[in-house]
Amino acid sequence: MQDNRKERYKTVAYYPGCALEGTGQPYDISTRAVGKKLGLKLEEVKDWNCCGAMEVKNIDLEVQTYLSSRVMSQAVHKNKAEVVMAPCNGCYHNLKKAEYDLSHKEKSKATVEKISAKAGHEAYHPGEIETIHALDWIKFGYGEEELKAKIKGGLKGLKVANYYGCMYTRPRHIFPEKGHGGDSESFKDPHYMDDLLAIAGAENVEFPLKTACCGGAHTLSDSDMSTKLVLNILEAAEAAGAEVIATECPTCHSGLEMHQIRALKKLSKDTKVKVVYFTQLLGLAMGLSPRKVGLHANVSQSIPLLKAKGIA
Amino acid sequence: MPIHEKSLIRPENLSTHDNLVIDGVDVSGDFSTFIRSRVVTDYNEDLQDEIAAMPGGEYIHRCWQCGSCTNSCTVNAENPDFNPRYWIYLIRMGMESELLRDKDIIWQCVSCNKCTSACPRDVVPEGVMKATAHWLEMKGHTPKSNSLIFDEIFTDQVVEYGRIEDGRVLMEFMKKTDQPLLQDWLVDLVKKLVSGLPLKALSKMGWSTLFHPKTSDWSKARDALREHIAEEKAKQHAALGMDPAE
């Protein structure tokens, strides 16, 4: 890829998705705050709709493809954008998945065109827009060197486990560019979040469950399994010496927060590690106040720890 | 006859004697711990096609039984009875009665996509698990799983409004599955959440619970989606030999 990303990502169509309007509000608050601080512009996708999440996909594959395609169509035709940025792993995954299906499956293409026509808007055609994650946006849109100049060791002394979850790099056919040369992301060992937080001064710990599953799909319908999977992640982070887990997905984030409480109530397993969005940590490192990055709206109460460390 | 796990020695095929002495020798213990010969006659030759007609199951025919899916599976690591490779094998062989022995756990796939990433044949095992869970429910072998109930509530709200509101999905799910909303851990969660939030954020949350967030100009999309879902459901029913209008 020709690297004019710094220019391309300067202003992007922002797709918060349902989660960032609901339980993931702190992620929305901190993403906007960090963007503002870095001079990166976000223009919310006009009149967006749900990406279909995994729930709709389970009911009907093509409906999910249509929903994601409509988001991209809105960004192309209403926002006149070249790039759409989705901080939620689920949204990011689904937009990329729709892009893949529309380029590889005749049935998906035909269905999306049919439903779009009936719904009365332009159908989305693959290649019309580039979908990126908040990690790409900051890493390439602002640039690591520039970030180094902007923040000098703001998170010094904080031990962080970086947790990426399932949907950011899997399955490999939707993310073919990852793990293939250059500075692209590996689906087994992603590192963009580690890179950014290291620049911000954090001490990243060796965390073996980076891409393990939090059981988010069944967080309510099979809570015992989700609690077990979350507990694996929390305990691995603590064993690695982490004080906080940095997340980049609202489903993972609320899953970790919820099941940390549930593990204590149901299994008497107490874990101390705090759950924080990576954008919240970046914001703090740049000197934004805890309130500005929505730290008070997290369930996991990290403010005392971060205050004691002189970070918040 | 190929060998597949679990059916080698089933508990019901063991004959156990606690006190058995033959010619003065105590031979108490488990007998018949050998593989019983049996002739399988109850194949459902259409099973693979039926699963392939469900959303996600279309590539099941590609499987060559390498086991990468089960080897990488998140749920299998916690419960060895959860075995995608084995179920795909049974489906491809048409061994419906064998498959039905595990009918109550197949829905537990967490969609982490490790299997789909690991699969060298692009079977999309994650999709096959969902397809199989749907098939079980549509055929009446299992009641609607909580997972499916959740998916339906979520999808209904998206189709209706274009967006969902977390609180509403949660409340409706608890209601439909007869679970108390005031579970101790949920109460604790809400307490922790509320304790830090300023009034403005709280009222915003309350507001969106009362007034559903909507995508404007959605009614035509809603009708088109409803029509499409009904068509697909009818096709699935027909593929399972059921009345499409059901």
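Buried area is the accessible area (1.4 Å probe) that two parts lose on being put together, summed over both. By that count, chain B and chain A bury about 5700 Å² between them. This is a predicted model: local features need pLDDT of at least 70, side-chain atom pairs count only at pLDDT 80 or more, and totals for chains, interfaces and linings use all residues. Residues are numbered from 1 along each chain as its sequence is written, chains are lettered from A and ligands numbered from 1 in the order in which they are written, and side-chain values use heavy atoms, with hydrogens and water left out.

**Interface of chains A and B**
- Carbon and sulfur atoms carry 61% of the buried area.
- In contact terms (heavy atoms within 4.5 Å), 67 residues of chain B meet 64 residues of chain A.
- The rule finds seven salt bridges across the interface; each is a side-chain nitrogen of Lys or Arg within 4 Å of a carboxyl oxygen of Asp or Glu.
- A:K57 forms a salt bridge with B:E126, with the closest N and O atoms 2.5 Å apart.

- Helices (H or I, at least four residues) and strands (E, at least two) are DSSP runs, numbered from the N terminus.
- Strand β7 covers residues 244-247 of chain A.
- A:V244 and A:A246 point one way from β7(A), A:I245 and A:T247 the other way.
- In a regular strand the side chains alternate between the two faces of the sheet.
- Two strands pair if DSSP finds at least two bridges between them.
- β7(A) pairs in the parallel sense with strand β5 (residues 159-162) over three bridges, and A:I245 is the bridge partner of A:A161.
- β7(A) also pairs in the parallel sense with strand β8 (residues 274-277), over four bridges.
- There, A:I245 stands opposite A:V275.

**Helix α13 of chain A**
- Eight of the eight residues of α13(A) (residues 278-285) are buried, so this helix is largely enclosed by the rest of the structure.
- Among them are A:F278, A:Q280 and A:L284.
- A:G287 follows α13(A) and has a positive phi, near 95 degrees.

**A:D28 in helix α3**
- A:D28 sits in helix α3 (residues 25-38) of chain A.
- A:D28 is buried, with a relative accessible area of 12%.
- Leaving aside neighbours within four places in sequence, A:D28 is in contact with A:Y14, A:P16 and A:L20.

Key:
Buried means under 20% relative accessible area, exposed over 50%, partly exposed in between (1.4 Å probe, protein chains only).
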